[in-house]
Amino acid sequence: MRALKLHELTLADRLADIAVDALIDEADLSPKPALVDRRGNGAHNDLHLGLMHASALSLWPMFKEMAEAALEFGEVGLPLREALGCLGREGEQAMLATTGGVNTHRGAIWALGLLTAAAALDPRDVTLNAARLALLNDRFAPQPMSHGAQVAQRYGARGAREEAQLGFPSVVQRGLPQLRKSRLQNAGEQNARLDALLAIMTELADTCVLYRAGPEGLRTMQHGAQAVLDAGGSATLAGRRHLHALDTQLLALNASPGGAADLLAACLFIDRLDGAS
């Protein structure tokens, strides 16, 4: 069979590549507080880095099909929203089949799925179109009481759905600006990405942390992340000491900031998209 040349990749292929790369880059980033990374499993006993990689790769067909659906429908509307919902549920089943039933990227399917479709529609208005899609109700979506839904009900926290409906403010207002600020300060790419994650963590009501450790865990995450940035960020010795302390504290609370990790992947997706345009 003739090898596929890079210039023959379709837009949907390229967007799926960017989405999977963002997930793998997020997983590989180290040292992330209480999250799976190159050091180990963080606060998880059912996850490891290889599983995160396999999960991300299993989602490539879904991201491609979401981009193709956006190109086919050509506009934000209920038909596209419901097509994305169907594809997302199929992608989740493919993920669970790959991971043996472990939820590795359910939140990322929602966030990056919306962003991939929005980028296919118009790369200049990615977060706006993603928000418009998120505001539409999928009539066929099941309504399980997920961990995020339980936390939102108990604490009134903004979950992944509302974050998307608002245009990903944690990414646009905190993650991306910090990523670019740290790059300008010559922090190095890995440290800039860590700083972006921490910036997201400073104000995010992470439902994963709330579910595992309640308000105490959330305060620990937010204050600890801010302390790293206040100390000069992850590229400084003082910042690294605060980062190590935050990792230790979150591990003791069994609190993994999975919501922030999903949003970092969204941040890396948009950043790479901007760089490719």
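Modeller: Start with cysteine 86, which is partly exposed at a relative accessible area of 35%. Here buried means under 20% relative accessible area, exposed means over 50%, and partly exposed lies in between (1.4 Å probe, protein chains only). This is a predicted model: local features need pLDDT of at least 70, side-chain atom pairs count only at pLDDT 80 or more, and totals for chains, interfaces and linings use all residues. Residues are numbered from 1 along each chain as its sequence is written, and side-chain values use heavy atoms, with hydrogens and water left out.

Biologist: How many disulfides does a search of the whole structure find?

Modeller: The count is 0. A disulfide would be a pair of cysteine sulfur atoms within 2.5 Å. Take cysteine 267: the nearest cysteine sulfur belongs to cysteine 208, 17 Å away.

Biologist: Is cysteine 267 buried or exposed?

Modeller: Buried, because its relative accessibility is 0%.

Biologist: Switching to glutamine 222. Where is it found?

Modeller: In helix H11, residues 207-230. Helices are DSSP runs (H or I, at least four residues), numbered from the N terminus. Glutamine 222 counts as buried, at 17% relative accessibility.

Biologist: Which residues does glutamine 222 touch, not counting those up to four places away in sequence?

Modeller: Met201, Thr202, Glu203, Leu204 and Ala205. Contact means heavy atoms within 4.5 Å.

Biologist: Now H1. What should its 18 residues span?

Modeller: Helix H1 covers residues 11-28 and should span 26 Å at 1.5 Å a residue. The expected span is 1.5 Å times one less than the number of residues. The end C-alpha atoms of H1 are 26 Å apart, so the two agree.

Biologist: How many of the H1 residues are buried?

Modeller: 14 of 18, so H1 is mostly covered.

Biologist: What is phi at asparagine 254?

Modeller: About 55°, a positive value although asparagine 254 is not a glycine. Asparagine 254 is found in the loop between helix H12 (237-252) and helix H13 (258-276). Its relative accessible area is 38%, so asparagine 254 is partly exposed.

Key. Helices (H or I, at least four residues) and strands (E, at least two) are DSSP runs, numbered from the N terminus.
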